[in-house]
Amino acid sequence: MKDKFSGIISSDAEKINKILEDHALLRCGDSPKDRATAAEVYALSAGGKRIRPVLAVEFYRLFSGEKEPPEYVYEAACALEITHTFSLIHDDMPEMDDDDMRRGKPSTHVAFGCAEALLAGDGLAILPYELLSDIALRGDISPDTAVRLINILSQNAGNSGMIAGQMLDLWSEERTDIGEEFLTEMSFLKTGCMLIASCLFGAVMAGATPEQEQSAAIYAKNVGLGFQIIDDVLDVTADPTTLGKPVKSDIGRHKPTFADIYGTDGARQKAEALSEAAAHELEKYPGSELLREFALSLASRNK
Ligand code: IPE
Ligand code: IPE
Ligand code: MG
Ligand code: MG
Ligand code: MG
């Protein structure tokens with residue numbers, strides 16, 4: 001990916017990290033009642049790639065035409081990272097994937113205990129709605145925009161999105177009759193939906209047209225499926241230190257994955273084709289080069 005573009009993506013991610021670090025809603029002391037918040041801050045602290053908020057910021061840039069998005073756009077984008085982090089805390093718990101490393105550190109339940117991790121996940125599941133409504137209450141976005149964002153996030157993260165996908169993922173463990181169609185549906189729900197929310201966040205805050213929103217969703221759906229395919233490949237092929245989480249976790253849990261059905265090389269090719277389809281969807285928009293290259297770079301990622 002061109003240096004110019006990777007520099008912009010890193011600076012978006014740095015800005016996101018800074019907001020997450022400084023945010024008043026994530027301040028805590030060391031009293032017993034602050035323990036869940038401390039675990040939330042631990043789980044959120046740097047180490048994640050910040051792909052979801054970066055997508056939101058970049059779709060804002062694309063459809064608003066503004067080079068420097070206002071601070072509230074980054075702040076709203078943090079709602080996506082917070083929701084994603086809640087899903088990771090619970091995903092790693094012994095009742096789900098039972099993984100003891102995340103983002104290069106002991107998983108939240110390992111560092112803080114299971115009950116505390118459960119509460120931290122609960123806290124982070126709710127926090128985005130406080131954050132988004134606060135942005136509207138202080139007048140940076142209209143109430144209508146806030147309602148749209150809240151609706152997009154809750155639909156894609158909730159029972160008809162990420163939670164449903166996570167449920168299918170658990171249900172699929174130990175099954176030997178799982179094929180491409182099931183894995184595609186499961187991945188759309190558990191991973192793709194949060195990427196759809198991310199791209200739509202930027203589009204909605206930029207005042208995009210329905211056609212532009214549709215393009216954002218098509219891009220996200222393709223990138224999302226490719227993203228989960230590569231996640232499955234990395235679980236087999238990656239170096240755990242680079243990855244920041246355990247490898248061979250899916251095999252250990254007897255989870256059917258794209259790496260099983262396509263093989264690791266075939267799965268990489270499939271992810272590349274999906275990234276190309278995502279990039280193709282944005283060709284009609286001038287200024288979309290960064291997002292097009294970003295989609296392609298995600299298919300060759302090693303972490
Ligand atoms: C991991 O997401 C979980 C999936 C949905 C595949 P990421 O690979 O984006 O994890 P972080 O946020 O960079 O840690
Ligand atoms: C998780 O998928 C998707 C979520 C919604 C958290 P995985 O279980 O494959 O994600 P990793 O590999 O643990 O990051
Ligand atoms: Mg999982
Ligand atoms: Mg997992
Ligand atoms: Mg995985």
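This is a predicted model: local features need pLDDT of at least 70, side-chain atom pairs count only at pLDDT 80 or more; totals for chains, interfaces and linings use all residues.
Reply: Let's start with a term: helices (H or I, at least four residues) and strands (E, at least two) are DSSP runs, numbered from the N terminus. Residues are numbered from 1 along each chain as its sequence is written, while chains are lettered from A and ligands numbered from 1 in the order in which they are written.

Me: Thanks! Is Arg 50 buried or exposed?

Reply: A residue is buried if 20 or more other C-beta atoms lie within 10 Å of its own, exposed if 12 or fewer, and partly exposed in between, with C-beta atoms placed from the backbone. Arg 50 has 24 other C-beta atoms within 10 Å, so Arg 50 is buried. Its phi is positive, about 65°, although Arg 50 is not a glycine.

Me: How do I read two packed helices?

Reply: Two packed helices are described by the angle between their axes and the distance between the axes. Axes are lines fitted to C-alpha atoms, for helices over the stretch in contact, and angles run from 0 to 180 degrees between N-to-C directions. Here, helix 10 (residues 210-237) and helix 14 (residues 289-299) cross at roughly 20°, and their axes come within 9 Å. That makes helix 10 roughly parallel to helix 14 (angles under 35 degrees count as roughly parallel, over 145 as roughly antiparallel, 65 to 115 as roughly perpendicular and the rest as oblique).

Me: Which residues of helix 14 make the contact with helix 10?

Reply: Two residues are in contact if their C-beta atoms, placed from the backbone, lie within 7 Å. Helix 14 brings Ala 295, Leu 298 and Ala 299, and they meet Tyr 219, Val 223, Gly 226, Phe 227 and Ile 230 of helix 10.

Me: Now the ligands. Which helix gives the largest share of the shell around ligand 2?

Reply: A residue is near a molecule or strand if its C-beta atom, placed from the backbone, lies within 6 Å of it. Helix 4 gives the largest share for ligand 2, three residues. The residues surrounding ligand 2 include Asp 91, Lys 190 and Asp 235.
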